[in-house]
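Hi everyone, thanks for coming. Please have a look at the chain on the screen, and then we'll walk through it together.

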Amino acid sequence: MSQGPRSGLAAVSSALLAMSRHLEVRDVLKTIVASARELLDAQYAALGVPDDHGGFAQFVVDGVSDAQWKAIGPLPRQHGILAAMLREAKPERLADVRKDPRFEGWPSAHPDMSDFLGLPIRDGDEVIGALFLANKNCPKPEGSCGFTEEDEELLSILAQHAAIALTNARLYERSRELTIAEERSRLAHELHDAVSQKLFSLRLTAQAAAALVDRDPSRAKGELQQVAVLAAEAADELRAAVVELRPAALDEDGLVATLRTHIQVLDRAHAARVTFVGRGVRALPAAQEEAVLRVAQEALHNALRHSGAEHVDVTLDRRGGGAVLRVTDDGGGFDPQGIRRAGRHLGLVSMRDRASGVGGALTVESAPGKGTTIELEVPGG
């Protein structure tokens, strides 16, 4: 490399470390593209993940402004040089991409590109992406390519590690999907059990009222009042379960907005007053945000179903690069000395597992008649 082997090795090491820090596919793609452009000192870089329909499922660019990208229009199709890289699975290094017979032009808002270096990203025999750079920032004598053979070798190393990082990220996201599916299955099972019990009691009580209505109207009236109570409880179970089964909109809305929406729904669905305040919280890694959301949901479930609280207050505050969640209720509380029994009943073991799984810490403060405060602290990225 022109900067010398020591600085080149440091740059490669920095790029590989950056890729390994991310678990979300989109974050991995962005890091790969930014690392490649910086490492080879190019003006533009892009990475496309092909779909099965002649287009790209994802396409990430670096060196193009948001306004430029919007003006360019739809994602490119798999044609020209991109199609050749994907189909033939071999590098392409060109002095001027515009003079290649496979070149098919680009939209009017597309930046002008000349020298070009592209490589397929492969996982075994499968091509899982196409990584390319254009316009190397160096003097270009007429007719020569800015990208060198050494650049191609360096990008090849980066592409190999990019394949590993991208595959790991996909596996992680698949694991998360399976976890969410398991969670939804568990909630559906709990919903079935809870509502079935309520409906069974409702039917028996209604039958008792029907049998008493002629010979003991007073008792029949009491049974009918119990029917109304049971029906209301069943409706509450259904509302809460629908909220919990709804997929979290963390990716689209972020943690603060998702929590606020969730709590607004609970406030409408329950007699207790449920409030939320978020202060200065920055975006957290996906795993931390999911842990905060799930712990908040579990703590709210406990407060609204088991504590008899009239008020439940949720706060989310920034602490360093991370965040602190607090869920406080004015309900009946419990004896911390009986934590083993209470832990099973209130899902505290699950909450502690979620906290430790992201390097966080969970604390529980409670006493009979004094309410409960659950606090979760998670680090940042």
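Let's start with a definition: two strands pair if DSSP finds at least two bridges between them. Helices (H or I, at least four residues) and strands (E, at least two) are DSSP runs, numbered from the N terminus. What we have here is a predicted model, where local features need pLDDT of at least 70, side-chain atom pairs count only at pLDDT 80 or more, and totals for chains, interfaces and linings use all residues. Residues are numbered from 1 along each chain as its sequence is written, and side-chain values use heavy atoms, leaving out hydrogens and water.

So, in what order do the five strands of the open sheet come? The order is E2-E1-E5-E4-E3, and the pairing is antiparallel. At the edges sit E2 (56–62) and E3 (92–94), each pairing on one side only. From one strand to the next, the twist averages 15 degrees.

Now look at E4 (residues 116–123) and E5 (residues 126–136): eight bridges join these antiparallel strands. One example is Phe116, whose bridge partner in E5 is Ala134.

Helix H2 (residues 25–40) touches E1 (42–50), E2, E4 and E5, and its direction makes about 40 degrees with that of E2. Helix H4 (residues 80–88) touches E1, E2, E3, E4 and E5, at about 140 degrees to the direction of E5. For these angles, axes are lines fitted to C-alpha atoms, for helices over the stretch in contact, and angles run from 0 to 180 degrees between N-to-C directions.

Zooming out, the chain has ten helices and ten strands.

Terms used. Contact means heavy atoms within 4.5 Å.
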